[in-house]
Amino acid sequence: MMNVYVCIGSSCHQKSSYSIMKELKSLIDENGLEDKVSLNSAFCLGHCAEGVTMKIDEDIITGVGLGNIEDVFRNRILKVIR
Amino acid sequence: MTYFDNNVQQLKYEVLSEVGKLAFENELTPEKLMGVANTVIPDGNPRMRCCIYKERAIVNERVKMALGGNAKNPNVVEVLEIACDECPVDGIQVTQACRGCIAHRCMNACPRQAITVVDRHAVIDKTKCVECGRCVEACSYSAIIKQRRPCVNACKADALTIDKETKKAKIKEEKCISCGACVYRCPFGAIMDKSFITKAIRMLVESRNNEVYKVYAIVAPAFASQYPNIPQITTEKVVTAIKKLGFHSVIEAALGADMVAYSEADELVEKGFLTSSCCPAFVRYIKKNYPDLVENISHNPSPMMQMAKVIKELDPYSKVVFFGPCIAKKAEAHQEDVSQYVDCVLTFEEMQALFNAKGIDLVSMEETPLDNASYFGRIFARSGGLTEAVAEALKEKDIPKEEFDCNPLVCNGLSECRTALLKAGKGKLAENFIEGMACDGGCIGGPACLNHSTKDRTFVDNYGKKAVERTIGDAISIFENESKQ
Ligand code: FES
């Protein structure tokens, strides 16, 4: 099981992390990965000034936005699992 | 620049700051603690009382309270007997302003014939007087006054009496709801709330900069109205300051309030009559005085507990500290169902003392955003806000009026709560939802607010309007997503 966290702390929330969360959720559903990826939220991943922050297992990814979430999904989640 | 509206708060702050400093330095030894009195009350002329020795003795009592007070007494509010000045006030009194007029309205107004006029001056026979106050209203010179001790006056729960022998204030435990009104109102600072700052500081220190576990701060929405007279201190700067104390992050209790409003709306539709459960003093008031109405108290957790629960579910090893304007919250946190989520409750007064202990200057802080909740969760801080939020939730859920017609009653302060509960107990209340707040104005009038200003309400409303999320549903959508997984 891959553990994916999206930060919903104040800074990331203001940079649309709620929408990113929803987008990610539908990408996971579309690709049928519900039982391979556990999607969680976290209050502040400690990189508040660097765009929305995500954590995939132990890796921190910063600078996530609605523009690149699909790339992040394909490269960091889909590729790794397939 | 002062943060407070009276000097008792200032004294409390100074003592808490000194104890806080020692705790941060891990030096809470008996000797160092003994030294606090001399630091706060240096040699020289007394500041407040007859002599510095009495002042220091009182500081020592305050130090004990700063360390958590008498552990055998479950109440979080205690009388500091040595500080109680035994206010010599007794009932109705005729003052020098009595002109010995010829109308004698006072005599005629008295239902007990307790007033006579002797040497052109009204005299009250205390054996007959029942303190109804009619003469007070009748006198054209306002020469007759009704005096009560400020603590007794402040206590709308009827929990304060005067010990007949010692003449000191005494708390009737069976009545006390720990609302803290007396703490704020006693002009001599003789009643104080127990503090758990050293517990919170220990959690911070032992977390080793949030490496061992993370420490989260939840802030009550009344956060927004703590510095109404110091425009250089913004909410965002205070968030930075809290993080500087060593907290991993700061989260709004208002998001918990959004969740509560959302499910309280469902509960209201289902049960048909409900009282709110957000204010712990109001809940205790019902439990102690209207046991028949207990089943009508909303089963929803308070916003504080709700928010802490979410945090603990996301991060089970974390510690959660709540900051608020409220003393009754300290008592709430001692309940078993709550203590599993909330590790410590501190007040805004105590928060300010921690800043001082750490040498943090608020004005020079950078700004850190605080944005978790919707407008509706945020306005819980002031009277009427909870009701607006529940009404909004009913609207967002598209519950038609035919199915449920919400008819709320906003009770601002404990006296209004009592009137509503009396009616509800007799089945004579027209409304079907009671919003009960023990403090006047709601949480912004809480006893441990730094400041009680007429601007508070506007501050909270403006803070509400700054929220990114427009609806309750949007603010809590993130968690619904998760639970559906
Ligand atoms: S708020 Fe997202 S990293 Fe801090």
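Into which domains is chain B divided, and what can be said about the residues within that chain?

A: The model is a predicted one. Its chain B is divided into three parts: domain 1 covers 7-84 + 162-197, domain 2 covers 92-146, and domain 3 covers 212-484. Between domain 1 of chain B and domain 2 of chain B, the C-alpha centres are 39 Å apart.

Aromatic rings come next. Over all chains, a search of the whole structure gives eight aromatic pairs. One of them joins B:Tyr3 and B:Tyr227: the ring centres are 6.1 Å apart and the planes stand at 80 degrees, and because an angle over 60 counts as edge-to-face, this pair is edge-to-face. B:Tyr3 belongs to the segment before helix H1 (7-24) of chain B, while B:Tyr227 belongs to the loop between strand S9 (215-219) and helix H9 (235-244) of chain B, so the pair ties together parts that lie 224 residues apart in sequence. Both B:Tyr3 and B:Tyr227 are buried. These two tyrosines also belong to one aromatic cluster, together with B:Phe4 and B:Tyr13.

Another tyrosine of chain B has a charge over its ring. The charged end of B:Lys319 sits over the ring of B:Tyr213, at 5.6 Å from the ring centre.

Two further residues of chain B can be described by their surroundings. B:Thr198 is part of helix H8 (residues 197-206) of chain B. Its relative accessible area is 13%, and because buried means under 20%, B:Thr198 is buried. Apart from neighbours within four places in sequence, B:Thr198 has contacts with B:Val19, B:Ala23, B:Leu28, B:Ala66 and B:Leu67.

B:Cys176, by contrast, is placed in a loop, the one between strand S7 (169-171) and helix H7 (181-185) of chain B. With a relative accessibility of 10%, B:Cys176 also counts as buried. When neighbours within four places in sequence are left aside, the contacts of B:Cys176 are B:Asn75, B:Ala159, B:Ile171, B:Arg284 and B:Lys288. B:Ala157 is 19 residues from B:Cys176 in sequence, and the C-alpha to C-alpha distance between B:Cys176 and B:Ala157 is 6.6 Å.

Methods
Residues are numbered from 1 along each chain as its sequence is written. Chains are lettered from A and ligands numbered from 1 in the order in which they are written. This is a predicted model: local features need pLDDT of at least 70, side-chain atom pairs count only at pLDDT 80 or more; totals for chains, interfaces and linings use all residues. Side-chain values use heavy atoms; hydrogens and water are left out. Domain bounds come from an automatic or database domain assignment. Rings of Phe, Tyr and Trp (its six-membered ring) pair if their centres lie within 6.5 Å; planes under 30 degrees apart count as stacked, over 60 as edge-to-face and the rest as tilted. Helices (H or I, at least four residues) and strands (E, at least two) are DSSP runs, numbered from the N terminus. Buried means under 20% relative accessible area, exposed over 50%, partly exposed in between (1.4 Å probe, protein chains only). A charge sits over a ring if NZ of Lys or CZ of Arg is within 6 Å of the ring centre and within 35 degrees of the ring normal. Contact means heavy atoms within 4.5 Å.
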